[in-house]
Amino acid sequence: DAIPANAPVQQIEEQPEQHQQKPEEELPLPEEEDQTVAGSQRLSDVPVEQLSELIQKVHRIFDAHVGPIEEQSPRHPILDTELNNAEYGPQTLKHLRQSSALLGLLEAYGFLCEGSTFVEFGAGKGQVAFWVAQAVQAQSIGNCGVLLVDRASHRHKRDNKIEDRTLVRRIRADIADLALEKVDGLSGRRVTGVGKHLCGGATDLALRCLIRCQQDGLVPVHGGLFALCCHHRCDWRSFVGKHFLLANEIGRQEFELLVRMVSWAVCGTGMSRERRAEEAANGAASEAKLDRCQLTRAERETIGWKCKRILDVARLEYLERHGFAPHLRRYITDDITPENVCLVFVRK
C-alpha cells in the first residue's frame with residue numbers, strides 16, 4: 001500500500017554509547033591520531049612546499065582512478081509543458097531542466113517501478129519529490145510512495161500540491177539521526193534515495209543512512225540518485241570515502257586542505273567577489289598571473305575540479321564495497337549549472 005499520509009513516525013531512542021556499533025569508516029584510524037588537523041587553516045597559511053606536494057598527489061590520484069564522466073541527460077516528458085512556459089524566467093527554467101534530467105535518469109536506470117518509495121533527502125520545498133509523484137501518477141505506477149525528509153520547516157512547499165495525499169509524506173528530521181528502517185510503512189518496500197544539490201556532508205549522511213537501512217535487511221534499497229555540490233562542505237567524520245583516501249595516502253590533514261582547494265573549481269582564486277571583479281577588469285593579464293605555487297587561474301580551476309572528482313570517486317568505492325554499481329554522470333550542461341555531475345547507483 002501507499003505510505004499512509006498520517007502514519008506516525010517512531011521516535012528513535014539513542015542507545016547507550018557502550019552498546020552502539022560504529023560503522024567501520026568511523027572507527028579510530030591509528031595512523032592519524034598524532035596528526036595536526038588543518039581545521040580552519042587557510043590555504044594561504046600552508047607552506048608552498050606542502051601545498052605543491054599535495055597538488056602533485058591530486059594529479060596522480062586523478063590520473064590513476066578518475067576516468068571520463070559520461071554525459072547522460074535524458075529528459076522526462078512530465079515536465080515538457082512547464083519547460084515550454086514562456087512566462088518563466090531563467091532561474092525557474094534552470095531548476096526545471098535539472099529536475100527533468102534527474103527524472104529522466106530515474107527512469108533510465110529503472111527506478112520508476114512498482115512497489116517503490118522515493119526518499120528525497122534535504123527535500124526543502126519538495127520540487128523533485130513533486131515531479132516524482134507526478135510521474136508516478138501519470139504513468140500509473142502502482143504501490144508507490146514519496147517520502148520527504150528535511151530538518152527545517154518550509155513555507156510554500158510544492159508537495160502540498162500533490163493531489164493524491166496517500167502518495168506523499170513529509171517528516172522533519174536531521175539526516176544524521178534518520179533510521180529509515182524505523183519509519184512506519186517502509187518495511188518490505190524498495191527504497192530509492194534522491195537528493196538535489198545536498199550540501200557536502202549531507203550527501204555522505206544520506207549515503208550512510210541508505211547503507212544502514214540496507215544492512216538492516218528490513219527495507220531493501222534499490223539505489224539512489226544524487227546531484228552533487230558543495231564539496232567544500234564535506235567533513236572528515238561523516239565522509240564515506242575515507243577508505244579510498246587513506247589507501248591513496250590522503251589522511252585527515254590533507255583531506256581538510258583538499259576540501260579547501262575544491263573552491264578553486266568555481267572561482268580559481270580564493271579571492272572575494274569584489275577583488276575578483278577588480279581583477280577581471282584587468283583582462284588577460286590577471287588570467288596569466290601566477291600565484292605563489294606558480295599556478296595560473298585556469299590551472300587552479302582544473303585542480304579544484306580534480307579534487308571534487310577524487311572525493312566523488314571515493315564515494316563510488318564506498319558504494320561498490322557495499323554491493324552497489326555506482327556511476328558518475330554529467331546530467332546537465334555547464335551553462336545551466338557548473339555543479340552538473342550526479343551520482344547514480346543501483347543494487348547489484
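## Salt bridges, cores and a cavity

Arg42 is exposed, at 54% relative accessibility, because exposed means over 50%. This is a predicted model. Arg42 forms a salt bridge with Asp45.

**Charged pairs**

Side chains of opposite charge can pair when their charged atoms come close. How many salt bridges does the structure hold? There are 13 salt bridges. Three of them are set out here.

| Pair | Closest N to O distance |
|---|---|
| Arg42 and Asp45 | 3.4 Å |
| Lys348 and Glu320 | 4.0 Å |

Arg151 counts as exposed, at 62% relative accessibility. Asp174 counts as partly exposed, at 26%.

Now take Lys348 and Glu320. They also link distant parts of the chain, 28 residues apart. Lys348 is in the segment after strand E8 (341-347), and Glu320 is in helix H10. Lys348 is exposed, with a relative accessible area of 62%. Glu320 counts as partly exposed, at 46%. Elsewhere, salt bridges that share partners join Asp204, Arg309, Asp312 and Arg315 into one network.

**Nonpolar cores**

The largest nonpolar core has 63 residues. Those with the most contacts inside this core are Phe121, Leu180, Phe226, Leu245, Phe255 and Met261. Which helix gives the most to this core? Helix H10 (residues 297-321) does, with 9 residues.

Look at Leu180. Neighbours within four places in sequence are left aside here. Leu180 is then in contact with Val119, Phe121, Leu147, Leu186, Val191, Cys209, Leu210, Cys213 and Val219. A second, separate core has 37 residues, among them Leu103, Ala129, Cys144 and Ile162.

**A cavity**

Rolling a probe the size of a water molecule over the atoms shows where empty space is left. The count comes to 1 cavity of 30 Å³ or more. The largest cavity has a volume of about 40 Å³. What lines this cavity? The lining is made up of Phe118, Val119, Glu120, Val128, Ala129, Val132, Val146, Leu147 and Val194. Strand E2 (116-121), helix H4 (127-138) and strand E3 (145-150) each give two or more residues to the lining. The lining has 8 nonpolar residues, no polar ones and 1 charged.

Note on methods: Residues are numbered from 1 along each chain as its sequence is written. This is a predicted model: local features need pLDDT of at least 70, side-chain atom pairs count only at pLDDT 80 or more; totals for chains, interfaces and linings use all residues. Side-chain values use heavy atoms; hydrogens and water are left out. A nonpolar core is a set of buried Ala, Val, Leu, Ile, Met, Phe, Trp, Tyr and Cys residues joined through side-chain atoms within 4.5 Å. Buried means under 20% relative accessible area, exposed over 50%, partly exposed in between (1.4 Å probe, protein chains only). Helices (H or I, at least four residues) and strands (E, at least two) are DSSP runs, numbered from the N terminus. Contact means heavy atoms within 4.5 Å. On a 1 Å grid over the protein atoms alone, a cavity is a set of points where a 1.4 Å probe fits but cannot get out, and a pocket is an open set with protein on both sides within 12 Å along at least five of seven lines; lining residues have an atom within 4 Å of a point. Grid points are joined across faces, edges and corners, and a volume is the space filled by probe spheres set on the points. Ala, Val, Leu, Ile, Met, Phe, Trp, Tyr, Cys and Pro count as nonpolar, Asp, Glu, Lys and Arg as charged, and the others, Gly among them, as polar. A salt bridge is a side-chain nitrogen of Lys or Arg within 4 Å of a carboxyl oxygen of Asp or Glu.
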